[in-house]
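Here's a quick tour of one protein structure, meant to be read with the picture open beside you. Take a moment to look it over before you start.

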Amino acid sequence: MAKLAIVATIKTTPGKRNEYLKHLKAHAQRCLATEPGTLKFEILVPQKEADTIMLYEVYASPEAFEMHWKGLSMQQAKQDTTDLQVSLSGVPCDFVE
């Protein structure tokens, strides 16, 4: 099976990026520790967009991403950030070999 990458953009409630990041870092650690199909979970903060977070995630397969998306850590992250997020968008990407 082919690996899958996700490039995601999160817009946070104005002034709440640091609070959101606290929950997102915990989520990333949980995913990497408990989801064998989650291979990489990088958190990026654009220098000139104070209320934006970007993610670069790599999964062993599309099925591994589905397990991540429906998993307990994702449910916890959604609950923790309910009032901190304005939007979330992601782009699935294939790797060029």
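Is Gln79 buried or exposed? Gln79 is exposed, since its relative accessible area is 58% and exposed begins over 50%. Keep in mind that this is a predicted model.

- Four strands make up an open sheet, and if you walk across it you meet them in the order β2-β3-β1-β4.
- The pairing between these strands is antiparallel.
- β2 and β4 are the edge strands, and each has a single partner, so one side of each has no neighbour in the sheet.
- On average, neighbouring strands are turned by 15° against each other, ignoring direction.
- Look at β1 and β4 together: they run antiparallel and are joined by 8 bridges.
- To find your place in that pair, spot Ile6, which stands opposite Pro92 in β4.

**The helices on the sheet**
- Helix α1 lies across β1, β2, β3 and β4, and it runs at about 165° to β2.
- α2 packs on the sheet too, touching β1, β2, β3 and β4, with its direction at about 130° to that of β3.

**A closer look at α1**
- Helix α1 covers residues 17-34, which is 18 residues.

**His68, a buried residue**
- You'll find His68 in helix α2.
- Its relative accessible area is 2%, so His68 counts as buried, the cut-off being under 20%.
- What does His68 touch, leaving out residues up to four places away in sequence? The list is His27, Cys31, Glu35, Thr38, Phe41, Glu57, Tyr59 and Met74.
- With Tyr59, the side chain of His68 makes a polar contact of 3.1 Å.

**Back to Gln79**
- Gln79 has its place in helix α3.
- Gln79 and Arg30 are 49 residues apart in sequence, and their C-alpha atoms are 15 Å apart in space.

Note on methods
Residues are numbered from 1 along each chain as its sequence is written. This is a predicted model: local features need pLDDT of at least 70, side-chain atom pairs count only at pLDDT 80 or more; totals for chains, interfaces and linings use all residues. Side-chain values use heavy atoms; hydrogens and water are left out. Helices (H or I, at least four residues) and strands (E, at least two) are DSSP runs, numbered from the N terminus. The expected span of a helix is 1.5 Å times one less than its number of residues. Two strands pair if DSSP finds at least two bridges between them. Axes are lines fitted to C-alpha atoms, for helices over the stretch in contact, and angles run from 0 to 180 degrees between N-to-C directions. Contact means heavy atoms within 4.5 Å. Buried means under 20% relative accessible area, exposed over 50%, partly exposed in between (1.4 Å probe, protein chains only). A polar contact is a pair of N or O atoms within 3.5 Å; within protein, one must be able to donate a hydrogen and the other to accept it, and residues adjacent in sequence count only if both atoms are side-chain atoms.
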